[in-house]
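Q: Hi! Could you walk me through this structure with me looking on?

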Amino acid sequence: MGQETWTAVDDYVSGLLAPHDEALEAAIAASSEAGLPSIQVSPPQGKLLGLLARSIGARTALEFGTLGGYSTIWLGRALPADGRLVTLESDPAYAEVARANVERAGLGGLVEIRVGPALETLPELEEEGIGPFDLVFIDADKVNTPGYFTWSIERTRRGGLIVADNVVRDGRLVDEADEDPAIPAQRRFHEMLAAEPRVEATTIQTVGGKGYDGFSIALVTG
Ligand SMILES: C[S@@+](CC[C@H](N)C(=O)[O-])C[C@H]1O[C@@H](n2cnc3c(N)ncnc32)[C@H](O)[C@@H]1O
């Protein structure tokens, strides 16, 4: 049992529970044609993001890492028509692709794509008084996950959720000697989750079409 089985099960689950419609299919095709890396969430993970958003009645969301807007579409569809989803992307070419994908999905009025390194965009959001958010999805440069969490915890309402993707990284999360800066960053993030009295959090390991990884979910309780 391994990658082949994980992919087959993901395909089975996706076909029944998270099937692509035209807009999602077109988003993947356009992203691939434009040469974007295929590092978007899987269909079941996109569906999960939407279910989480709906389960807390989310109206506002913030996403770190837009890529081609695939997770953006799943999340945007879970918000009410007058909701707001701000998504941050450092690469202008990716953001262009995402903009077209989001428009095609009919979410142009709800989704706002901000281009630039997230740590530089966040002060702008603050100045403009954008937030607080009901749900935050952290899925950009993994080395900055702790910093994005620090910012988000101050700006997520009580009862809101902070979700972070790619926190397990083939199990390297537990390798204290791993020198890839993304690994100590994920360990620091977990220590922050453990020490932060304003959240209750857990991490779920995942296997699927994208391999072995995992995500953290933190409920803001205080
Ligand atoms: C894993 S991909 C996001 C996938 C997307 N959330 C999805 O599932 O469809 C990570 C994205 O973060 C972007 N990124 C990397 N560093 C960033 C930064 N400092 N600020 C904002 N975005 C960044 C990358 O260009 C890439 O598009």
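A: Happy to: let's begin with Phe189, which is buried at a relative accessible area of 2%; buried means under 20% relative accessible area, exposed over 50% and partly exposed in between, with a 1.4 Å probe and protein chains only. This is a predicted model, where local features need pLDDT of at least 70, side-chain atom pairs count only at pLDDT 80 or more, and totals for chains, interfaces and linings use all residues. Residues are numbered from 1 along each chain as its sequence is written, and side-chain values use heavy atoms, with hydrogens and water left out.

Q: Which residue forms an aromatic pair with Phe189?

A: Phe149 does, in an edge-to-face pair with 5.5 Å centre to centre and 75 degrees between the planes. Rings of Phe, Tyr and Trp (its six-membered ring) pair if their centres lie within 6.5 Å; planes under 30 degrees apart count as stacked, over 60 as edge-to-face and the rest as tilted. Phe149 sits in helix H7 and Phe189 in helix H8, 40 residues apart. Phe149 is buried too, with a relative accessible area of 2%.

Q: How do the axes of H7 and H8 cross?

A: The axes of H7 (residues 145-153) and H8 (residues 182-195) come within 8 Å and cross at roughly 30 degrees. That makes H7 roughly parallel to H8, since angles under 35 degrees count as roughly parallel, over 145 as roughly antiparallel, 65 to 115 as roughly perpendicular and the rest as oblique. Axes are lines fitted to C-alpha atoms, for helices over the stretch in contact, and angles run from 0 to 180 degrees between N-to-C directions. Helices (H or I, at least four residues) and strands (E, at least two) are DSSP runs, numbered from the N terminus.

Q: And which residues make the contact?

A: H7 brings Thr145, Pro146, Phe149 and Thr150, while H8 brings Ala185, Gln186, Arg188, Phe189, Met192 and Leu193; contact means heavy atoms within 4.5 Å.

Q: How many aromatic pairs does the structure hold?

A: Three. One of them is stacked: Phe64 with Tyr148, at 4.4 Å centre to centre and 20 degrees between the planes. Phe64 lies in strand S1 (residues 60-64) and Tyr148 in H7, so the pair ties together parts 84 residues apart in sequence. Phe64 is buried at 0% relative accessibility, and Tyr148 is buried at 2%.

Q: New topic: how many residues are in the largest nonpolar core?

A: That core has 32 residues, and those with the most contacts inside it include Ile73, Leu75 and Phe137. A nonpolar core is a set of buried Ala, Val, Leu, Ile, Met, Phe, Trp, Tyr and Cys residues joined through side-chain atoms within 4.5 Å. Helix H4 gives the largest share, five residues. A second, separate core of 25 residues includes Ile130, Val136, Val167 and Ala218.

Q: What about the backbone?

A: Most residues other than glycine have a negative phi, and most peptide bonds are trans. Here, the bond from Gly131 to Pro132 is cis, with omega near 0 degrees, and Pro132 is in the loop between helix H6 (118-127) and S4. Arg169 has a positive phi, near 55 degrees, and Asp170 has one near 60 degrees.

Q: Where is Asp170, and is it buried or exposed?

A: Asp170 is in the loop between S5 and H8, and it is exposed at 55% relative accessibility. Arg169 lies in the loop between S5 and H8 and is partly exposed, at 21%.
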